[in-house]
Amino acid sequence: YRVALTEVAGDELRYAVTEIARLDYYEGDTLPEDARDARKMIFQSCMDQLRIIAPESGFPQSPDYYYFQALCLSLWAKANGVLESLQRTGELFDLLETGVALSDSYEGGGFNRIMGAVYAKLPNVNPFGPSRDLPRSKELLEAAIQSPAYPLTRFPETETGEYHYPNYTIYAETLDLLGRTDEAIEVLEAAIARIDNGDMPTGREPETRSELASMRTLLEQFGGARR
(Lines give C-alpha, C1' and ligand atoms only; values in the text may rest on other atoms or scores of the structure.)
Protein backbone atom coordinates (compact mmCIF):
# COMPACT_ATOMS: atom_id res chain seq x y z
CA TYR A 1 0.00 0.00 0.00
CA ARG A 2 2.85 2.43 0.73
CA VAL A 3 4.35 1.72 -2.69
CA ALA A 4 0.94 2.37 -4.24
CA LEU A 5 0.82 5.89 -2.78
CA THR A 6 3.09 7.18 -5.55
CA GLU A 7 1.37 5.21 -8.30
CA VAL A 8 -2.37 5.79 -7.87
CA ALA A 9 -4.78 8.70 -7.55
CA GLY A 10 -8.42 9.45 -6.72
CA ASP A 11 -10.43 6.64 -5.17
CA GLU A 12 -7.51 4.21 -5.44
CA LEU A 13 -5.29 6.58 -3.46
CA ARG A 14 -7.97 7.03 -0.83
CA TYR A 15 -8.32 3.25 -0.55
CA ALA A 16 -4.55 2.73 -0.14
CA VAL A 17 -4.30 5.43 2.54
CA THR A 18 -7.33 4.01 4.37
CA GLU A 19 -5.87 0.50 4.38
CA ILE A 20 -2.56 1.81 5.75
CA ALA A 21 -4.52 3.50 8.55
CA ARG A 22 -6.40 0.26 9.21
CA LEU A 23 -3.13 -1.64 9.53
CA ASP A 24 -1.63 1.08 11.73
CA TYR A 25 -4.61 0.72 14.04
CA TYR A 26 -4.24 -3.06 14.15
CA GLU A 27 -0.49 -2.88 14.78
CA GLY A 28 -0.76 -0.26 17.52
CA ASP A 29 -3.72 -1.91 19.20
CA THR A 30 -1.93 -5.26 19.49
CA LEU A 31 1.01 -3.72 21.37
CA PRO A 32 0.92 -3.96 25.17
CA GLU A 33 -0.54 -1.00 27.04
CA ASP A 34 2.82 -0.12 28.60
CA ALA A 35 4.45 0.32 25.16
CA ARG A 36 3.18 3.89 25.19
CA ASP A 37 5.93 5.50 23.12
CA ALA A 38 5.65 2.89 20.36
CA ARG A 39 1.87 3.20 20.32
CA LYS A 40 2.00 6.99 20.16
CA MET A 41 4.45 6.85 17.26
CA ILE A 42 2.24 4.45 15.27
CA PHE A 43 -0.95 6.43 15.82
CA GLN A 44 0.80 9.72 15.02
CA SER A 45 2.04 8.17 11.77
CA CYS A 46 -1.53 7.07 11.05
CA MET A 47 -2.82 10.64 11.46
CA ASP A 48 0.01 12.12 9.38
CA GLN A 49 -0.57 9.69 6.51
CA LEU A 50 -4.30 10.34 6.47
CA ARG A 51 -3.72 14.01 5.66
CA ILE A 52 -3.08 12.87 2.08
CA ILE A 53 -6.84 12.35 1.68
CA ALA A 54 -8.01 15.21 3.92
CA PRO A 55 -10.54 17.68 2.46
CA GLU A 56 -7.92 20.43 2.76
CA SER A 57 -5.74 18.35 0.41
CA GLY A 58 -8.43 18.53 -2.24
CA PHE A 59 -10.29 15.28 -1.59
CA PRO A 60 -14.06 15.33 -1.17
CA GLN A 61 -15.33 14.63 2.34
CA SER A 62 -15.61 10.92 3.06
CA PRO A 63 -16.36 8.93 6.23
CA ASP A 64 -13.16 6.87 5.89
CA TYR A 65 -10.93 9.90 6.43
CA TYR A 66 -12.86 11.16 9.45
CA TYR A 67 -13.25 7.71 11.01
CA PHE A 68 -9.61 6.69 10.90
CA GLN A 69 -8.37 10.17 11.81
CA ALA A 70 -10.66 10.13 14.87
CA LEU A 71 -9.75 6.54 15.73
CA CYS A 72 -6.00 7.14 15.59
CA LEU A 73 -6.33 10.43 17.49
CA SER A 74 -8.36 8.77 20.25
CA LEU A 75 -5.82 5.94 20.56
CA TRP A 76 -2.93 8.41 20.47
CA ALA A 77 -4.62 10.25 23.34
CA LYS A 78 -5.07 7.01 25.27
CA ALA A 79 -1.37 6.20 24.88
CA ASN A 80 -0.39 9.77 25.72
CA GLY A 81 -2.66 9.89 28.76
CA VAL A 82 -6.21 11.21 28.79
CA LEU A 83 -5.49 14.16 31.09
CA GLU A 84 -2.43 15.16 29.05
CA SER A 85 -4.48 15.07 25.83
CA LEU A 86 -7.59 16.98 26.89
CA GLN A 87 -6.68 20.02 24.81
CA ARG A 88 -7.40 17.96 21.69
CA THR A 89 -10.93 17.00 22.80
CA GLY A 90 -12.52 19.64 20.56
CA GLU A 91 -10.54 18.43 17.55
CA LEU A 92 -11.65 14.86 18.19
CA PHE A 93 -15.32 15.74 18.53
CA ASP A 94 -15.19 17.87 15.39
CA LEU A 95 -13.94 14.83 13.47
CA LEU A 96 -16.58 12.56 14.97
CA GLU A 97 -19.50 14.93 14.43
CA THR A 98 -18.50 15.63 10.83
CA GLY A 99 -18.03 11.92 10.16
CA VAL A 100 -21.29 10.73 11.69
CA ALA A 101 -23.16 13.33 9.63
CA LEU A 102 -21.69 11.69 6.52
CA SER A 103 -22.51 8.14 7.64
CA ASP A 104 -23.60 6.74 10.98
CA SER A 105 -23.11 3.18 9.69
CA TYR A 106 -19.48 3.34 8.53
CA GLU A 107 -17.39 0.56 10.15
CA GLY A 108 -20.39 -0.86 11.99
CA GLY A 109 -21.48 2.34 13.69
CA GLY A 110 -17.86 3.35 14.06
CA PHE A 111 -18.38 7.03 14.87
CA ASN A 112 -20.90 6.19 17.60
CA ARG A 113 -18.50 3.53 18.92
CA ILE A 114 -15.58 5.96 19.24
CA MET A 115 -17.77 8.71 20.68
CA GLY A 116 -19.27 6.27 23.18
CA ALA A 117 -15.80 5.17 24.28
CA VAL A 118 -14.64 8.77 24.66
CA TYR A 119 -17.65 9.82 26.73
CA ALA A 120 -16.90 6.92 29.10
CA LYS A 121 -13.21 7.78 29.51
CA LEU A 122 -13.31 11.57 29.80
CA PRO A 123 -12.90 13.11 33.25
CA ASN A 124 -15.94 14.52 35.04
CA VAL A 125 -14.69 18.06 34.36
CA ASN A 126 -13.11 18.94 31.03
CA PRO A 127 -12.33 22.61 30.30
CA PHE A 128 -11.62 21.79 26.65
CA GLY A 129 -14.93 20.21 25.66
CA PRO A 130 -17.45 17.54 26.69
CA SER A 131 -17.03 15.75 30.02
CA ARG A 132 -17.78 12.18 31.06
CA ASP A 133 -21.36 11.17 30.31
CA LEU A 134 -22.01 7.48 30.95
CA PRO A 135 -25.72 7.47 29.97
CA ARG A 136 -24.76 9.13 26.66
CA SER A 137 -21.97 6.57 26.21
CA LYS A 138 -24.43 3.71 26.72
CA GLU A 139 -26.89 5.23 24.24
CA LEU A 140 -24.22 5.68 21.56
CA LEU A 141 -22.85 2.16 21.96
CA GLU A 142 -26.32 0.63 21.72
CA ALA A 143 -26.78 2.59 18.49
CA ALA A 144 -23.44 1.26 17.22
CA ILE A 145 -24.41 -2.35 17.94
CA GLN A 146 -27.70 -1.85 16.08
CA SER A 147 -26.03 -0.19 13.08
CA PRO A 148 -26.80 -1.52 9.59
CA ALA A 149 -23.93 -2.23 7.22
CA TYR A 150 -22.33 0.69 5.41
CA PRO A 151 -23.81 0.68 1.87
CA LEU A 152 -20.41 0.59 0.11
CA THR A 153 -18.88 -2.22 2.16
CA ARG A 154 -17.58 -5.34 0.44
CA PHE A 155 -19.17 -7.84 2.85
CA PRO A 156 -22.50 -6.33 3.96
CA GLU A 157 -23.72 -9.53 5.62
CA THR A 158 -21.00 -9.28 8.28
CA GLU A 159 -20.44 -5.52 8.39
CA THR A 160 -23.35 -4.60 10.63
CA GLY A 161 -22.70 -3.28 14.11
CA GLU A 162 -23.36 -6.75 15.49
CA TYR A 163 -20.19 -8.00 13.75
CA HIS A 164 -17.91 -5.20 14.92
CA TYR A 165 -17.04 -6.87 18.19
CA PRO A 166 -15.28 -3.84 19.76
CA ASN A 167 -18.82 -2.47 20.12
CA TYR A 168 -19.48 -5.12 22.76
CA THR A 169 -16.18 -4.66 24.60
CA ILE A 170 -16.67 -0.92 25.00
CA TYR A 171 -20.37 -1.35 25.81
CA ALA A 172 -19.46 -3.79 28.58
CA GLU A 173 -16.92 -1.32 29.99
CA THR A 174 -19.59 1.39 30.11
CA LEU A 175 -22.11 -0.93 31.76
CA ASP A 176 -19.55 -1.77 34.42
CA LEU A 177 -18.87 1.93 35.08
CA LEU A 178 -22.63 2.39 35.47
CA GLY A 179 -22.62 -0.29 38.18
CA ARG A 180 -24.27 -2.86 35.92
CA THR A 181 -21.47 -5.43 36.01
CA ASP A 182 -23.76 -8.45 35.75
CA GLU A 183 -25.15 -7.08 32.48
CA ALA A 184 -21.61 -6.37 31.27
CA ILE A 185 -20.66 -9.98 31.94
CA GLU A 186 -23.68 -11.22 29.98
CA VAL A 187 -22.75 -9.00 27.00
CA LEU A 188 -19.18 -10.32 26.97
CA GLU A 189 -20.20 -13.96 27.41
CA ALA A 190 -22.64 -13.76 24.51
CA ALA A 191 -20.08 -12.10 22.20
CA ILE A 192 -17.33 -14.56 23.15
CA ALA A 193 -19.65 -17.50 22.51
CA ARG A 194 -20.42 -16.20 19.02
CA ILE A 195 -16.75 -15.91 18.11
CA ASP A 196 -15.98 -19.33 19.61
CA ASN A 197 -18.70 -20.73 17.35
CA GLY A 198 -17.07 -19.16 14.27
CA ASP A 199 -19.49 -16.27 13.85
CA MET A 200 -16.84 -13.83 12.62
CA PRO A 201 -16.84 -11.01 10.04
CA THR A 202 -15.41 -11.84 6.64
CA GLY A 203 -11.99 -10.26 6.13
CA ARG A 204 -11.58 -9.19 9.75
CA GLU A 205 -10.79 -12.52 11.36
CA PRO A 206 -7.36 -11.53 12.81
CA GLU A 207 -8.75 -8.36 14.37
CA THR A 208 -11.66 -10.34 15.79
CA ARG A 209 -9.34 -12.90 17.39
CA SER A 210 -7.41 -10.05 18.96
CA GLU A 211 -10.66 -8.57 20.26
CA LEU A 212 -11.61 -11.98 21.64
CA ALA A 213 -8.48 -11.95 23.80
CA SER A 214 -9.39 -8.49 25.10
CA MET A 215 -12.93 -9.60 25.91
CA ARG A 216 -11.67 -12.67 27.79
CA THR A 217 -9.37 -10.49 29.88
CA LEU A 218 -12.18 -8.05 30.63
CA LEU A 219 -14.56 -10.87 31.50
CA GLU A 220 -12.04 -12.25 33.97
CA GLN A 221 -11.72 -8.82 35.59
CA PHE A 222 -15.47 -8.39 35.86
CA GLY A 223 -15.94 -11.92 37.17
CA GLY A 224 -13.42 -11.27 39.89
CA ALA A 225 -15.10 -8.01 40.80
CA ARG A 226 -18.48 -9.74 41.01
CA ARG A 227 -17.11 -12.45 43.28
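Start by selecting Tyr15, which is found in helix 1 (residues 10-30); helices are DSSP runs of H or I with at least four residues, numbered from the N terminus. This is a predicted model, where local features need pLDDT of at least 70, side-chain atom pairs count only at pLDDT 80 or more, and totals for chains, interfaces and linings use all residues. Residues are numbered from 1 along each chain as its sequence is written, and side-chain values use heavy atoms, leaving out hydrogens and water.

Tyr15 is partly exposed, with a relative accessible area of 36% (buried is under 20%, exposed over 50%, partly exposed in between; 1.4 Å probe, protein chains only).

Stay in helix 1 and select Glu19 and Arg22, 3 residues apart and separated by about one helical turn. Their side chains meet in a salt bridge of 3.4 Å, N to O (a side-chain nitrogen of Lys or Arg within 4 Å of a carboxyl oxygen of Asp or Glu). Glu19 is buried, at 10% relative accessibility.

Next, select Asp64 in helix 3 (residues 63-80). Is Asp64 buried or exposed? Asp64 is buried, with a relative accessible area of 12%. Its side chain has a polar contact of 2.3 Å with the side chain of Ser62 (N or O atoms within 3.5 Å, one able to donate a hydrogen and the other to accept it; residues adjacent in sequence count only if both atoms are side-chain atoms).

Finally, select Arg194 and Asp199, whose side chains form a salt bridge of 3.1 Å, N to O. Arg194 is partly exposed at 21%, and Asp199 is partly exposed at 26%.

Terms used
Helix = DSSP H or I, 4+ residues; strand = E, 2+ residues; numbered from the N terminus.
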